[in-house]
Amino acid sequence: MESKKTVLGSSVHFLSQNAIFVVLVVLVLLIAVVDPRFLSFAILRDVLMQSSTRAIMALGVAFILITGGVDLSSGRMVGFAAVIAASMLQIPEYARRFYPDLPHLPVFLPIILAVAACMLFGMLNGLIVAKLQVPPFITTLGTMVVVYGINSIYFDMPPNNSQPIGGLRPDFTALGSGRLMNIPVIILIALAVAVIVWILFNKTQLGMNMYAIGGNRDAAIVSGVNVVLTIVILYAIAGALYGVAGVLEAARTGGATNNYGNMYELDAIAACVVGGVSTTGGVGTVPGVLAGVLIFGVINYGLTFIGVNPYWQLIVKGLIIVAAVSFDIRKYIAKK
Amino acid sequence: MRREGVFVEKNDKYALEMRNVSKAFPGVQALRDVTLQVRPGTVHALMGENGAGKSTLMKCLFGLYSLDEGEVILEGEPVSISSSRKALDLGISMIHQELHPIPERSVMENIWLGRAPLRKIGGVRFIDRKSMEAATGKLMKELELDINPRTLVRNLSVSKIQSMELAKAVSYNARIIVMDEPTSSLTGHEVSHLFKIIRSLKARGISIIYISHKMEEILEIADEVTIMRDGHKVGTWPAKELTTDLIISRMVGREITNRFPPRRNAPAEEPVLEVRGLTSSFPKSFRDVSFTLRRGEILGVGGLVGAQRTEAMEALFGLRSLSGGKILLGGKEADLSTPIKAKRRGLAFLTEERRATGIFPVLSVEFNLLVAHLGNYVSCMRLLEQKRMRRDARESIERLAVKTPSSRSLIRDLSGGNQQKVLFARWLLINPEILILDEPTRGIDVGAKYEIYSIMSELASQGKSIIMISSEMPELLGMTDRILVMSQGRLAGIVETKETSEEDIMRLATKYVA
């Protein structure tokens with residue numbers, strides 16, 4: 001039987017197992033056919049830069065999806081972190097400072113504050129989900145609204161009164177637009193985060209417990225997995241990653257408003273799902289999530305690049321979500 | 001619409017033929033040239049060890065898998081069964097081992113699901129509940145079932161739900177009904193009731209394909225027996241020409257002289273576990289259960305379905321809340337209020353519901369083996385030592401002879417018996433002092449059963465203590481040192497296995513049954 005396996009057969013198998021990566025490559029090639037300039041270093045670097053914060057965020061959401069949950073609060077947390085960091089990292093000469101008399105802070109202090117705030121909200125999500133057993137959808141829907149409310153109150157404080165925060169310090173914006181050996185720092189940060197998350201997923205007890213909880217929560221309890229603690233830690237890590245993404249988003253764009261990150265949560269979920277993370281839990285990989293993010297990055301940037309109407313881009317995005325998942329899910333449907 | 005003429009004779013011969021069926025999955029040839037011939041109005045038993053291909057064959061019949069080779073001939077006519085809907089339309093029904101009714105709906109709604117009688121009011125179609133109820137009532141009467149069509153399925157016993165599923169099959173005008181391990185959760189009384197229904201179905205000319213591991217049952221109810229092994233058909237024999245030993249030897253391909261391995265364990269006097277007055281926080285569950293477990297002892301737990309055996313033992317593993325009682329480990333009171341604490345104190349619990357609380361279906365065999373033991377592989381860097389994990393997984397697979405293409409395969413692709421071995425191995429890895437096994441051999445073939453018994457016996461002789469909940473009398477009598485019998489949530493008695501009999505245990509089991 002085995003020897004009958006043709007080259008064609010095994011390559012079909014390879015394609016179906018790696019559908020996401022194939023889609024990504026095909027997409028890049030299609031755009032390159034229309035306009036070969038797309039394959040230049042500068043352009044691909046831009047795509048990666050834009051995808052960096054999205055990738056960090058999507059990796060956070062992946063933790064939650066793999067446990068069988070969902071996180072709607074991620075987008076608003078990105079906005080919250082962006083505003084906190086930006087509000088404390090403006091240049092002294094800037095006319096409309098958020099804190100007019102704020103002394104010069106070391107750059108890491110507001111960043112840590114912003115990340116810690118999001119981590120705290122993540123932890124809160126985790127506690128509500130694990131301890132009170134409120135469904136993650138509802139829990140994070142609530143947090144999403146609350147975080148936006150808190151962010152807006154903060155953003156509306158006098159003297160800022162809901163003005164966009166600008167005039168950010170160059171030592172901060174360097175995180176978003178700086179280069180290290182001609183490679184944007186933001187890409188390096190995203191890569192470092194991806195490596196850390198990969199290690200967490202694959203090499204730690206926490207990661208194994210995450211897959212166990214998503215794979216079969218009741219079996220995990222019987223097997224002596226500390227489900228409550230694990231869920232709280234995972235949501236906290238996810239929150240911290242949204243914080244990092246938010247900080248970088250502020251640094252990259254050189255500003256922040258309370259509407260930063262709006263609807264990003266849906267993009268993050270879409271990227272994860274397209275990247276092969278199961279919405280029913282237990283399945284998902286870091287390379288898959290990254291590929292999912294890049295697919296959307298390429299669509300956003302590439303279709304604009306070749307002059308496709310932005311409204312058409314929405315339609316393409318929507319179709320890709322459904323098509324990719326319906327293709328990917330064949331791997332898990334009982335063999336016929 | 002039967003055909004006339006020459007076909008009639010053929011029809012009389014077989015209600016169903018599956019000819020030369022082959023089916024392969026990646027890495028496994030599940031069926032190889034299997035032929036199954038079922039005569040009309042008979043009970044045809046399908047037997048074989050787990051992984052022999054029985055379920056695959058039935059899934060092919062029910063349109064859940066497509067055939068690689070072979071054909072299905074129904075009452076003389078070749079048919080192609082592409083979906084379970086098609087199978088139902090052709091008169092083939094299947095009653096699965098694990099029933100999946102809709103609990104919050106009534107019996108009649110479950111039976112007529114998706115094809116409820118309709119009535120037009122002003123051009124809009126509504127469900128005609130009256131004629132649905134009448135049809136259900138008629139069906140129940142025909143089958144002599146005492147089930148109210150309006151009862152919510154949630155309120156029915158497992159045995160009643162099964163009867164309902166049978167009624168549903170009949171309502172589809174089924175000519176062939178496949179029953180997969182129908183008696184696995186029935187009491188003796190319920191089994192004889194089921195057999196009565198089966199006989200009346202036979203009298204209506206319906207053929208039953210009956211999958212079971214229980215020899216005594218097969219010999220009682222079956223007309224013919226087809227035995228499979230490793231995806232092949234071994235043969236078909238009239239049931240009256242068979243004996244338990246013959247069936248077993250044909251199933252495993254070798255002579256089995258003993259169903260139970262020799263016992264070498266010698267229980268010590270010292271108790272490792274003492275339970276005093278264990279009482280559930282739910283009034284209808286168990287109460288005032290006291291017993292001791294000695295080092296190196298295998299303690300059986302018997303009783304009827306509903307005796308709250310599982311609940312009481314799950315309480316020892318922190319899975320049920322208690323309102324009273326003490327648990328002593330090594331003479332000192334122990335807090336076992338969560339599985340984490342129980343595990344830390346050297347307890348392990350193999351649950352009864354393999355799918356619901358045992359396996360992680362979408363994860364690998366290796367993951368499933370190691371999940372309860374991960375803490376042991378955390379290195380100083382907080383990372384997992386994957387080399388050691390892989391080695392231990394491989395050793396476990398070898399030790400329990402788990403049949404799997406690789407340790408990376410998903411556990412859901414394994415047969416039930418092999419999944420059970422993986423779960424057993426999971427708990428052996430944590431090297432527990434006390435193992436609680438809830439129906440450890442349910443739905444498992446003779447060969448795998450023997451292997452599990454051997455491991456139990458070996459563990460006990462090493463000084464480990466085992467509590468085994470079982471509904472199978474031979475297993476209780478063959479494998480234990482003492483048997484604790486529960487009845488209606490209460491302790492009915494503890495007997496020495498050597499000095500007891502099936503009758504004694506049954507008497508205790510019904511002690512508090514009103």
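Predicted model: local features only at pLDDT ≥ 70, side-chain atom pairs only at ≥ 80, totals over all residues.

Residues are numbered from 1 along each chain as its sequence is written, and chains are lettered from A and ligands numbered from 1 in the order in which they are written. Chain A has 14 helices and 2 strands; helices (H or I, at least four residues) and strands (E, at least two) are DSSP runs, numbered from the N terminus.

**Overall form of chain A**

- Chain A is as compact as a globular protein of its 336 residues, because its radius of gyration of 21 Å is close to the 20 Å that the globule rule gives. The radius is taken over C-alpha atoms, and the rule is 2.2 Å times the number of residues to the power 0.38.
- Along the principal axes, the C-alpha atoms of chain A fill a box of roughly 80 × 55 × 35 Å.
- In chain A, 48% of the 336 residues count as buried. A residue is buried if 20 or more other C-beta atoms lie within 10 Å of its own, exposed if 12 or fewer, and partly exposed in between, with C-beta atoms placed from the backbone.
- Of the contacts in chain A between residues at least 6 apart in sequence, 79% join residues at least 24 apart. Two residues are in contact if their C-beta atoms, placed from the backbone, lie within 7 Å.

**Helix packing around H11 of chain A**

- Helix H7 (residues 170–177) and helix H11 (residues 227–253) of chain A have axes that come within 7 Å and cross at roughly 100 degrees. Axes are lines fitted to C-alpha atoms, for helices over the stretch in contact, and angles run from 0 to 180 degrees between N-to-C directions.
- H7(A) and H11(A) are therefore roughly perpendicular to each other. Angles under 35 degrees count as roughly parallel, over 145 as roughly antiparallel, 65 to 115 as roughly perpendicular and the rest as oblique.
- On the H7(A) side the contact includes A:Phe172 and A:Leu175, and on the H11(A) side it includes A:Leu248 and A:Arg252.
- The residues of the contact of H7(A) with H11(A) comprise 4 nonpolar, 3 polar and 1 charged. Here Ala, Val, Leu, Ile, Met, Phe, Trp, Tyr, Cys and Pro count as nonpolar, Asp, Glu, Lys and Arg as charged, and the others, Gly among them, as polar.
- Helix H4 (residues 74–87) of chain A also packs with H11(A), at an angle of about 55 degrees and with the axes 7 Å apart; H4(A) and H11(A) are therefore oblique to each other.
- Residues of H4(A) in this contact include A:Met77 and A:Phe80, and those of H11(A) include A:Tyr242 and A:Glu249. The contact of H4(A) with H11(A) has 11 nonpolar, 5 polar and 1 charged residues.

**Contact between chains A and B**

- Chain A gives 21 residues to the contact and chain B gives 28 residues.
- Helix H9 (205–215) and helix H10 (217–222) of chain A are the elements that give two or more residues to the side that touches chain B. The largest share of that side, 5 residues, comes from H9(A).
- The side of chain A that touches chain B has 9 nonpolar, 8 polar and 4 charged residues.

**Backbone features**

- Most residues other than glycine have a negative phi, and most peptide bonds are trans.
- The peptide bond from A:Pro158 to A:Pro159 is cis, with omega near 5 degrees. A:Pro159 is in the loop between helix H6 (136–155) and H7 of chain A.
- A:Asn182 is not a glycine, although its phi is positive at about 65 degrees. A:Asn182 sits in the loop between strand S1 (179–180) and strand S2 (183–184) of chain A, and is exposed, with 7 other C-beta atoms within 10 Å.
- B:Glu181 has a positive phi near 45 degrees and is partly exposed, with 19 other C-beta atoms within 10 Å.

**Buried positions in chain B**

- B:Leu61, in helix H2 (residues 54–61) of chain B, is buried, with 23 other C-beta atoms within 10 Å.
- B:Ser487, in strand S21 (residues 482–487) of chain B, is buried, with 22 other C-beta atoms within 10 Å. B:Ser487 and B:Thr510 are 23 residues apart in sequence and 6.1 Å apart in space, C-alpha to C-alpha.
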